[in-house]
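The sequence and structure come first.

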There are 2 protein chains.
Amino acid sequence: MACYVQKFGGSSVGNIERIQHVAQLIDKTYREGHQLVVVLSAMSGETDRLMKMARELSTDPDDRELDVLLSSGERVTIALMAMILKNLGVNARSFTGRQVGIVTDGAHTKARVSRVDTKRVLLALKDKVVPIVAGFQGINEASDVTTLGRGGSDLTAVVLAAALKADTCFIYTDVDGVYTADPNMVPSARRLDKISYEEMLEMASLGAKVLQTRSVELAAKHQVPVEVRSSFQDGPGTRVVKEDVDMEQVLVSGVTGDRNQAKVTVVGVPDQPGIAAKIFVAIAEAAINVDMIIQNVSQDSLTDISFTVPRSDLKAAISLVQDLAKEVGARTFEVNEAIAKVSLVGVGMRSHSGVAARMFATLSRDGINIMMISTSEIKISCVVEEKYMELAVRGLHQEFELEKPPAA
Amino acid sequence: MACYVQKFGGSSVGNIERIQHVAQLIDKTYREGHQLVVVLSAMSGETDRLMKMARELSTDPDDRELDVLLSSGERVTIALMAMILKNLGVNARSFTGRQVGIVTDGAHTKARVSRVDTKRVLLALKDKVVPIVAGFQGINEASDVTTLGRGGSDLTAVVLAAALKADTCFIYTDVDGVYTADPNMVPSARRLDKISYEEMLEMASLGAKVLQTRSVELAAKHQVPVEVRSSFQDGPGTRVVKEDVDMEQVLVSGVTGDRNQAKVTVVGVPDQPGIAAKIFVAIAEAAINVDMIIQNVSQDSLTDISFTVPRSDLKAAISLVQDLAKEVGARTFEVNEAIAKVSLVGVGMRSHSGVAARMFATLSRDGINIMMISTSEIKISCVVEEKYMELAVRGLHQEFELEKPPAA
């Protein structure tokens with residue numbers, strides 16, 4: 001008998017028919033005799049519906065009240081799912097975030113889980129009950145409901161799997177796993193049977209929306225085996241697991257393209273110690289997430305400093321840089337939104353050299369200019385003109401033969 | 001400075017515009033410097049929407065899960081209301097049934113309030129916060145959410161008003177008070193300025209849907225002054241208060257007609273001791289609510305026993321009586337759904353005689369046959385053919401001059 005956590009996202013419970021289908025999946029696992037905890041999101045579209053009402057009433061809705069509002073959607077799905085499961089003969093019972101013991105800090109709309117009190121869940125499992133848990137929500141020390149931020153139901157699932165030492169945390173979604181590239185961009189993209197936590201983390205933070213970044217971090221920390229599966233079709237998905245020897249044989253696991261990028265260049269900055277620090281401390285204090293930074297070689301004691309930010313942060317970055325440029329005596333500043341970031345990810349890079357050179361050569365062959373470069377142990381990213389993004393991703397997918405399964 | 005509870009029903013918060021309007025009403029009371037607790041229902045139609053989904057998934061939805069499902073609607077309205085009030089500068093904060101300390105028994109979908117722990121509300125009021133409370137819901141000793149049954153938000157309001165010793169519990173609804181008769185039936189019906197708890201209780205149980213019956217009982221028990229008002233138009237409503245001398249001067253306060261009635265007659269029952277008991281014990285055990293009972297004078301040692309039940313219970317009553325009739329050796333049984341109950345209510349009947357005689361004479365004058373009669377200290381009810389109900393109500397309203405305000 002294994003212990004499993006099964007999480008189903010919004011599209012998997014998006015209407016009555018989908019809920020009925022998911023109930024069948026749960027019933028099947030239950031009949032196999034496993035211990036089972038189910039985590040559900042709200043029905044897809046529900047969060048948008050509630051947010052729309054909030055925005056009609058207030059331009060800046062209170063965070064505590066947003067959490068009360070948005071956490072109502074999961075209560076609907078867990079109640080409906082528990083009802084239908086009971087009809088199928090499954091001993092199911094709904095649990096809210098509070099009832100499942102997820103205690104968070106007080107940061108409404110983006111709370112962090114501080115502890116999990118598994119008492120009630122363990123009692124339920126002992127009584128052969130299947131807990132149907134509301135994802136995305138917890139409770140703070142003041143006993144107010146909190147939500148865990150975008151994709152927070154993944155986090156609920158992983159947190160519970162870690163606390164229960166579950167054998168696998170299944171994340172059911174509308175795709176059947178993690179691919180070597182976005183199949184919409186690269187038709188020959190191949191589903192990966194397994195991927196390491198670190199690779200998944202890089203992919204997730206690069207915009208592959210299969211798994212929420214924080215949930216992958218937590219899975220890695222607690223060594224929770226995760227498997228991404230489709231609730232729309234049968235069959236295995238992608239296992240997200242600890243790095244193993246097989247994975248190291250593979251040079252590159254995946255290639256990603258990310259349009260959510262903008263570049264800001266502060267032009268003609270006096271090349272003196274402390275100037276760059278001044279700029280980036282101010283930006284960090286405004287909670288703007290800087291990704292890459294490049295400083296040009298100095299000419300006539302003047303230099304240019306470029307950095308990238310998510311497009312959603314660009315407006316805030318511009319209003320900050322306007323003042324900063326004057327303050328540090330820079331000549332002017334420039335903004336470029338028509339850029340994209342193309343990245344190769346693979347734990348194999350740790351032990352193999354030459355990946356960067358092959359990447360640059362491939363882009364060059366296709367006439368794509370590289371504007372910025374950044375590297376980590378298992379990732380190489382290049383900023384290119386946005387219009388070349390798909391060409392770059394396809395060229396790299398082909399160059400590294402990602403469509404071919406790794407040799408056994 | 002007074003302490004008020006203001007309850008707004010589903011139609012009062014039925015859409016964004018209505019919520020904005022109610023926020024203005026709350027804001028006004030807040031600016032007057034009063035202590036204020038607001039209780040809200042779910043948006044009208046929301047409960048039906050959720051129930052529809054539940055029924056699509058299950059013919060007999062689990063009660064515990066129904067409570068999780070149905071209690072989600074109030075979370076939406078309290079969060080939205082708290083948001084808009086904060087924007088208006090009112091220091092508002094949402095409270096769920098649990099947070100407001102409403103502890104109930106374990107009877108899901110029709111729980112009874114066992115105690116109210118006002119600690120958090122009192123703290124909030126001390127901090128000049130306006131608690132915006134989810135009506136209709138509480139929490140049982142197992143920490144599961146429960147709901148208080150149809151109209152349960154009224155109960156939440158009265159329970160809180162009693163616990164806080166509030167000066168008035170305002171019930172805002174879509175009518176501006178309690179009338180001498182249903183204005184749809186009697187155009188000259190007059191709004192009552194005040195009515196006693198007992199009269200209101202009789203009116204409520206007779207089908208005047210302004211206030212939930214249990215909430216009136218509780219208000220009477222704790223002597224909570226209640227006022228029914230309209231949230232759609234300004235002005236005073238009807239105060240529901242302790243009986244006073246003025247009220248006793250008035251013979252009849254109101255007249256009601258109730259179509260939700262059906263009559264069952266067991267024909268040719270042997271007139272022996274214990275037979276009637278056998279029938280009514282069986283019916284009570286099936287939780288069928290018998291209203292009036294009549295036993296005819298015996299002929300040839302046979303008698304007929306008639307009783308009325310709500311039409312919603314008729315099906316259950318018939319299947320029971322089919323067996324019972326055989327068991328007690330009755331000849332047959334008959335069912336009549338085309339009946340209605342017409343009632344006069346007024347505490348003045350306690351000290352004035354002749355009301356019944358005038359009622360019977362009025363009905364007789366209009367050619368209406370009386371099928372059954374029942375009386376209490378402050379009420380006289382007659383069962384008549386359903387087609388005569390409106391005629392009877394109008395005739396009685398005129399006979400007792402209910403359109404005229406009582407003499408000062």
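## Terms and numbering

A residue is called buried if 20 or more other C-beta atoms lie within 10 Å of its own, exposed if 12 or fewer, and partly exposed in between, with C-beta atoms placed from the backbone. Helices (H or I, at least four residues) and strands (E, at least two) are DSSP runs, numbered from the N terminus.

This is a predicted model, in which local features need pLDDT of at least 70 and side-chain atom pairs count only at pLDDT 80 or more, while totals for chains, interfaces and linings use all residues. Residues are numbered from 1 along each chain as its sequence is written, and chains are lettered from A and ligands numbered from 1 in the order in which they are written.

## Strand E6 of chain B

Strand E6 (residues 130-134) of chain B is mostly covered, with five of its five residues buried. In a regular strand the side chains alternate between the two faces of the sheet. On one side of E6(B) are Val130(B), Ile132(B) and Ala134(B), on the other Pro131(B) and Val133(B), and all are buried.

Two strands pair if DSSP finds at least two bridges between them. Strand E2 (residues 35-40) of chain B pairs with E6(B) in the parallel sense over three bridges, and Val38(B) stands opposite Ile132(B). Strand E3 (residues 92-95) of chain B also runs parallel to E6(B), joined by four bridges; here Ala92(B) has Val130(B) as its bridge partner.

## The sheet of chain A

In chain A, eight strands form an open sheet with mixed pairing, in the order E3-E6-E2-E1-E9-E11-E12-E10. Strands E3 (92-95) and E10 (194-196) of chain A stand at the edges with a single partner strand each, so one side of each is left without a neighbour in the sheet. Neighbouring strands of this sheet are turned by 20° against each other on average, direction ignored. Axes are lines fitted to C-alpha atoms, for helices over the stretch in contact, and angles run from 0 to 180 degrees between N-to-C directions.

Strand E11 (residues 226-230) and strand E12 (residues 238-241) of chain A run antiparallel and are joined by three bridges. Thr238(A) in E12(A) is the bridge partner of Val228(A).

## Contact between the chains

Two residues are in contact if their C-beta atoms, placed from the backbone, lie within 7 Å. Chain A and chain B each give 28 residues to the contact. On the side of chain A, helices H1 (16-31), H2 (46-57), H3 (63-70) and H4 (72-87) each give two or more residues, and the largest share, eleven residues, comes from H4(A).

H2(A) and helix H4 (residues 72-87) of chain B pack at about 25°, with their axes 9 Å apart. H2(A) is therefore roughly parallel to H4(B) (angles under 35 degrees count as roughly parallel, over 145 as roughly antiparallel, 65 to 115 as roughly perpendicular and the rest as oblique). H2(A) contributes Leu50(A), Met53(A), Ala54(A) and Leu57(A), and H4(B) contributes Val76(B), Leu80(B), Met83(B) and Ile84(B).

## Positive phi values

Most residues other than glycine have a negative phi. Lys128(A), not a glycine, has a positive phi of about 65°. Lys128(A) is in the loop between helix H5 (119-126) and E6 of chain A and counts as exposed because it has 12 C-beta neighbours inside 10 Å.

Phe136(A) also has a positive phi, near 80°. Phe136(A) is in the loop between E6 and strand E7 (137-139) of chain A and counts as buried, with 28 C-beta neighbours inside 10 Å.
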